[in-house]
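Me: Hi! I'm new to this one, could you walk me through it?

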Amino acid sequence: MHLHDFWFILIAVLWIGYFFLEGFDFGVGILTRVLARNTAERRVLINTIGPVWDGNEVWLLTAGGATFAAFPDWYATLFSGFFIPLLVILVCLIVRGVSFEYRHQREGARWQRNWELAIFWTSLLPSFLWGVAFGNIVRGVDIDQNKNYVGTLWDLLNPYALLGGFTTLLLFTFHGAVFTALKTTGDIRLRARVQANVFGLVTAALAAAFLIWTQVDTGNKWSLAALIVAVLALLGALGANTAGREGWAFGFSGLTIVAAVGMLFLALFPDVMPSSLNPAWSLTVSNSSSSPYTLKVMTIVAVIFTPIVLLYQGWTYWVFRRRIGVQHIPAAHH
C-alpha cells in the first residue's frame, strides 16, 4: 500500500469519527426545539453533550489539517470551490460554541431563549450542509485541467447533493434522539425513544434512496457491502430502540453512520474529487498528494499521537457516562 492510499484511509476514518460523534451532538442540538417542552428539558439536552461537544469538533480540525498536509491540491480545490457553504458551516460552529458558553451567563429568559435558538439553527444548518458537500464530492464537480473549481454555487445545489443533505440532517437527528434516550431519565427519555422511531423511519427511506443512487452511479462491490451494512444497522437501531435497548440502539445508529460515510469514501476511491467536465482532470490520491517524505513524517506522528487522543476522549465519555434528568437541574433554571 502506498502512503497516499494510507492517508486517504486515515482521512476517511477521521471524517467517519467526526460524523459519528458530531452527528449525535448536532442531533441533540436540533432536538432542543423539537423534543424539549420547556427550559428545564432544554437544559437537560444541552447538559448531555456539554462535556463532550468541543472534543467532538477536534475530529473536524484533525480531518481538515490532515487533508491540508497530505493532499494539498484536494484541500485547495475543495475549500476554494465550496467556499460559501464551508464558511457558513464555520460560522455556525463558532456561534454554536459561543451559545453553549454564553447561554447560562445571565438569568434573563430572552437572553437564554435567543442562545437556545442559536444552538438549534447552528446544529441544523451544518447537518444539512455537510451532506450537500459530500454529495458533491462523490458526484463530481466542475474541475478544469488546472485543478480549479470553475462551477458556481448553484451547481452545488443539485438534486443528488440536496438529497444527501436531507439524509444527513435526518440521520443525525435520529442519532441524537437515540443518544438522548440513552443519556436521560424520566418522561424525556420515553419521548426521545418515540421520536427516534419517527425520525428513523423517515431516515431509512431517504438514506436508502441516497445510498442506492450513489451505488448505481459510482459504486463498486466494496461500497455495496457498506450499503448493506448501513441498511441492516439502521433496521437494527430501530428494532433495538423499539425494544427499549438503548445502548444497542445507539451502537447500531452509530454503525449506520460509519457504514454510510464509509460507503461514500469507498465509492470515491481512488478519486478524491472527480471532475464532471473530464474524468482525466479528476483529483486522485496520486496526483493531489504531498511528497513521500512529507507523508512519511506525518505517518510517524500519527502513529504516536492518535492512540493518546483516542484514550483521552474515551476516558472523557467514561467519566460523564451517567444519565441525567429534569431532577438534576437546579430549581433556579426551571
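Predicted model: local features only at pLDDT ≥ 70, side-chain atom pairs only at ≥ 80, totals over all residues.

Me: Great. Which residues touch the most other members of the largest nonpolar core?

Reply: Those are Trp 7, Trp 15, Tyr 18, Phe 19, Phe 82, Trp 130 and Met 273, in a core of 89 residues.

Me: And which helix gives the largest share of this core?

Reply: That is helix H1, residues 3-34, with 15 residues in the core.

Me: You listed Met 273. What is Met 273 in contact with, leaving aside neighbours within four places in sequence?

Reply: Its contacts are Trp 74, Thr 77, Leu 78, Phe 82, Ile 137, Val 141, Ile 143, Ser 282 and Leu 283.

Me: Let's switch to helix H5. How many residues has H5, and what length does it reach?

Reply: H5 runs over residues 83-102, which makes 20 residues. From first C-alpha to last it reaches 28 Å, close to the 28 Å expected at 1.5 Å a residue.

Me: Which residues of H5 are buried?

Reply: The buried ones are Pro 85, Leu 86, Ile 89, Cys 92, Leu 93, Arg 96, Gly 97, Ser 99 and Phe 100. They cover an arc of only 155° around the axis, so they sit on the same side of H5.

Me: Why would residues three or four places apart point the same way?

Reply: An α-helix has 3.6 residues a turn, so residues with that spacing point the same way.

Me: Okay, and what covers the buried residues of H5?

Reply: The cover includes H1, helix H2 (39-49), helix H3 (53-70), helix H4 (72-81) and helix H6 (109-139).

Me: New topic: Thr 203. Buried or exposed?

Reply: Thr 203 is buried, with a relative accessible area of 0%. This residue lies in helix H8, residues 187-218. Not counting residues up to four places away in sequence, Thr 203 touches Leu 170, Leu 171, Phe 174, Ala 208 and Leu 234.

Me: How about His 4, buried or exposed?

Reply: His 4 counts as buried because its relative accessible area is 17% and the cut-off is under 20%. His 4 is found in helix H1. Setting aside neighbours within four places in sequence, its contacts are Phe 71, Val 285, Ser 286, Ser 289 and Leu 295.

Me: Now the charged pairs. How many salt bridges does the structure hold?

Reply: There are 11 salt bridges. In one of them, the side chains of Glu 41 and Arg 191 meet at 2.5 Å, N to O. Glu 41 belongs to helix H2 and Arg 191 to helix H8, so this pair ties together parts 150 residues apart in sequence. Both Glu 41 and Arg 191 are buried.

Me: Last one: which residues do salt bridges with shared partners join into one network?

Reply: That network is made up of Arg 33, Arg 42, Arg 103 and Glu 116.

Technical notes
Residues numbered from 1 in each chain as written. Heavy atoms only, no water. Core = buried A, V, L, I, M, F, W, Y, C linked by side-chain atoms within 4.5 Å. Buried < 20%, exposed > 50% of the residue type's maximum accessible area, 1.4 Å probe, protein only. Helix = DSSP H or I, 4+ residues; strand = E, 2+ residues; numbered from the N terminus. Contact = heavy atoms within 4.5 Å. Expected span 1.5 Å × (residues − 1). Arc of directions from axis to C-beta. Salt bridge = Lys/Arg side-chain N within 4 Å of Asp/Glu carboxyl O.
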